[in-house]
Amino acid sequence: SLDRKNVCSASDGNGGAIITWSDNRNSNWDIYAQRVNSVGTVLWQSNGIAISNSADNQDQTSITDDGIGGGIISWMDFQSGGVSLYAQRINSNGEVLWSDDGIVICSLSVSNNQSRAPSLMKDNEGGAYITWVDTRDGDKIYVQRIDQIGNFHWIESGVAVGSGTNHSNPKLVNDGGNGTIILWLQGYQTLKTQRYAANGIAQWNTGGITLY
C-alpha cells in the first residue's frame, strides 16, 4: 500500500504553500513536493514533483522558502553503509534547479556514515542555512550556508557548532538580518544556543550559551 510520512511545508510568499513529503510509491522512500495557492488550487503536476527518487531511501525532509516564491528542501539519503545529507531547490513553477536528485551537503564518507535531523532556514539572499547532527565526532551539530545556485558559502561539510558531543534536535531561527541562531540539546538535558554571522563566524561564547 502507498504510505506517506514526514510532511512539512513553507510559505510560497503569495498566500499559498509548498508542501514536501516522503512516500513509497516506487517501493522505496522518495521525496516529492507540491504547491497550493491562496484559494486552495493545486498548481503542480498530479501527485507532486519528484525532488529525489533515486534507488536508495530518502527520508526526514525539511523545507524553507527561498524568499522568491520557491523552496529549498533537505533530506537524509540512505545509501549502502550509511546516510548522507542532500538538498534541492525548486522554483515557483515546480522546476528543480540544482543537480538531479539534489546536491550533497555532507557525505557519508565525511560524517562517519550518519547525517540526520536536518533543519533549514532561508538566508534572505535566495539561499539557506542547513543544520544537522552527524557522528564524525560523536553526535555533533554542524551548520552550512548555501547560496541560490547550490554553492557552499562556508567550509565543505559544514562548521562545527558548540563543543563536546551528544548533541540533538538542532533548530534554526533568523537573527533579524542575514545570520542565524541555532538551538540544540546537549546530553538531552542542557539547552544551548549559538549565533552565526553570514560569514560563518560564531558571535557568542565558544561552545555556545547555556539557556537551561
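**Cysteines, overall fold and backbone of a predicted model**

C8 is buried, with a relative accessible area of 18%; buried means under 20% relative accessible area, exposed over 50%, and partly exposed in between, with a 1.4 Å probe and protein chains only. The structure is a predicted model, in which local features need pLDDT of at least 70 and side-chain atom pairs count only at pLDDT 80 or more, whereas totals for chains, interfaces and linings use all residues. Residues are numbered from 1 along each chain as its sequence is written, and side-chain values use heavy atoms, with hydrogens and water left out.

The sulfur of C8 lies 20 Å from the closest cysteine sulfur, which belongs to C106, and this is too far for a bond. A disulfide is defined as a pair of cysteine sulfur atoms within 2.5 Å, and the structure holds zero disulfides. C106 is likewise in no disulfide. C106 is buried, with a relative accessible area of 0%.

The protein chain has zero helices and 16 strands; helices (H or I, at least four residues) and strands (E, at least two) are DSSP runs, numbered from the N terminus. The radius of gyration of the chain is 17 Å, close to the 17 Å given by the globule rule for 212 residues, so the chain is as compact as a globular protein of that length. This radius is taken over C-alpha atoms, and the globule rule is 2.2 Å times the number of residues to the power 0.38. Along its principal axes, the C-alpha trace spans about 50 × 40 × 30 Å.

Of the 212 residues, 51% count as buried. Among contacts (heavy atoms within 4.5 Å) between residues at least 6 apart in sequence, 37% join residues at least 24 apart. The mean positions of the 13 positive and 20 negative charges are 7 Å apart. Here Lys and Arg count as positive and Asp and Glu as negative, while His and the chain ends are not counted; the place of a charge is NZ of Lys, CZ of Arg, CG of Asp or CD of Glu.

Most residues other than glycine have a negative phi. S27, which is not a glycine, has a positive phi of about 75°. S27 is located in the loop between β2 (17–23) and β3 (30–36) and counts as exposed, at 74% relative accessibility. For N166, also a residue other than glycine, phi is positive and near 65°. N166 is found in the loop between β12 (159–160) and β13 (167–174), and at 32% relative accessibility N166 counts as partly exposed.
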